[in-house]
Amino acid sequence: MDEFMNLVRRLTQRYTAGESTSVPEETALQLAEAVLFILGRQGWEQEALLSTKEARLEAVYEEGKGQILAEVRQAQSLYSGIMENFTSCGNLALEDTMQKGMPQFFLRYDAEFAPQDHLLTLDYPILEHLEHLQGIDRIIAYLRCIRLEQDFLHLLPERDLIQILRQWNPSFRTHIFNLPQIVLSKTAACLLAGTGSLRKPFDRTEYEVMEERIRQLGQQNLGEVVMKAVEKLPGLKADHRDYLALAVPGIAAEFVTGAENRCLERMV
Amino acid sequence: MEKKFMAMMLQETQRKDREQLLACNQMTQDWGLQLTEEDAAALAAARQTALEGSGRIEFDGGIMPELIRTFCDSPYLQQDSYAQTLELLQEAFYQCKSEAMELLTDRELLDFMREYFDDPCRGDAEYLISTWLDRFTRAVRRGFQTPSAYSRRDEYTLSAGCPTCREACGSLQEEEGWSYELFLQTLENME
């Protein structure tokens, strides 16, 4: 505990620049969490930390802080790579998160006093759940997901993507949704309806064929069919497939509900 | 985590308090001001209450040694009310730090307290707290620039030196001045 408290004490002194002996409780807690976050990434459990008297804790802390800074640089380079050929298809949530939010993160992220804070609300929803991650870890994981999504989206010309999204919902620009999930839904729907063109809207007969096939397959088998469609997509690596597979259960459940209620045309 | 951490912090802040306060007696003996063991214990306990009341956490010895150093040469401090005055000032200090939204450094607040404690408060800590400190923190919250804020600005603008605390706080006076008419009226009423 002594060593941990010493780290928090020194961090507090740096935070106040020695001009204040006391800080508000929230600030003290934030600084303690900052130390816990950095040491936690170095493999120290919270309980062990509060009871340790190990003197080398400061060296571990400094090393952890260095690693965070290195990861910030890594995230910056990942972000720059994504933005070289970035497409949002006009979707505001994705555009704002990547073009307005991310630069602010790199501008304001505090690796010393609040490394556990990722600052952004990350409004654009990705397929992976990252709620268990904090700070730079969350941002790096989020950017990796966006990288995979962008690779997938670049398989189709932007014009076609916009066409698919517009058919799904004419106000797709302002809706908050996952872009690859919609494109994947459309791909799976084409497979079920037995049509070849992603750009063309379905007619009534095709919807009826789809409904019939979905009823025959059931949710479990349908999921497998969609998964096979993902696996057959050209130009994708295992990482991409694993990531896109996260959308499959949702798509299968949606299709089953749509077929049961005869409202597939509102979904794809 | 939060509760456990707070308990640890509290335990930490209670350490060495008493010894540090008693060590200040050496510094204040020239002015005839001394704290007894009981006074030190009471002040240490009051510190915890003040910190909890103002929602603050403090490491090491706290502000009291600095408070004593700042106030010990005041002509208005008396041995019989010394501990009591320190307790009031300590509580007011933490309260003001929070009320000023962390915009004041310890030194700025102590300087203000010391200066106004002598004049116009003439050693009346309660008057200082209820009137002047209240006005001061209100002014700070509204954007009043403290001398240190001026200094930070001067680093870039290289403008003329910053005003003293009293010059800067001159506008805190809210009372109307001496009214001769009112004085006469009061005299007439007395008759």
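The questions and answers below cover chain A and parts of chain B in a predicted model.

In this predicted model, local features need pLDDT of at least 70 and side-chain atom pairs count only at pLDDT 80 or more, while totals for chains, interfaces and linings use all residues. Residues are numbered from 1 along each chain as its sequence is written, chains are lettered from A and ligands numbered from 1 in the order in which they are written, and side-chain values use heavy atoms, with hydrogens and water left out.

Student: What is the order of the elements of chain A from the N terminus on?
Tutor: Helices (H or I, at least four residues) and strands (E, at least two) are DSSP runs, numbered from the N terminus. Chain A has eleven helices and one strand. The order is α-β-α-α-α-α-α-α-α-α-α-α.

Student: How many of the 268 residues of chain A, in percent, count as buried?
Tutor: Buried means under 20% relative accessible area, exposed over 50%, and partly exposed in between, with a 1.4 Å probe and protein chains only. In chain A, the buried share is 50%.

Student: Are α1(A) and α2(A) parallel or oblique to each other?
Tutor: Axes are lines fitted to C-alpha atoms, for helices over the stretch in contact, and angles run from 0 to 180 degrees between N-to-C directions. Angles under 35 degrees count as roughly parallel, over 145 as roughly antiparallel, 65 to 115 as roughly perpendicular and the rest as oblique. The axes of α1 (residues 2-16) and α2 (residues 25-41) of chain A come within 9 Å and cross at roughly 125°. The two helices are therefore oblique.

Student: Which classes of residue make up the contact of α1(A) with α2(A)?
Tutor: Contact means heavy atoms within 4.5 Å. Residues of α1(A) including A:Phe4, A:Leu11 and A:Tyr15 meet residues of α2(A) including A:Leu31, A:Val35 and A:Leu39. Ala, Val, Leu, Ile, Met, Phe, Trp, Tyr, Cys and Pro count as nonpolar, Asp, Glu, Lys and Arg as charged, and the others, Gly among them, as polar. The contact of α1(A) with α2(A) has eleven nonpolar, two polar and no charged residues.

Student: Which residues of α10(A) make the contact with α9(A)?
Tutor: Helices α9 (residues 204-232) and α10 (residues 238-245) of chain A pack at about 155° with their axes 9 Å apart, and are therefore roughly antiparallel. From α9(A) come A:Met227, A:Val230 and A:Glu231; from α10(A) come A:Arg241, A:Leu244 and A:Ala245.

Student: How are α2(B) and α4(B) oriented, parallel or antiparallel?
Tutor: The axes of α2 (residues 17-28) of chain B and α4(B) come within 10 Å and cross at roughly 15°. Residues including B:Leu21 and B:Met27 of α2(B) meet B:Met64, B:Pro65, B:Ile68 and B:Arg69 of α4(B). The helices are therefore roughly parallel.

Student: Is B:Thr70 buried or exposed?
Tutor: B:Thr70 lies in helix α4 (residues 64-71) of chain B. Leaving aside neighbours within four places in sequence, B:Thr70 is in contact with B:Arg107, B:Leu110 and B:Arg114. With a relative accessible area of 11%, B:Thr70 is buried.
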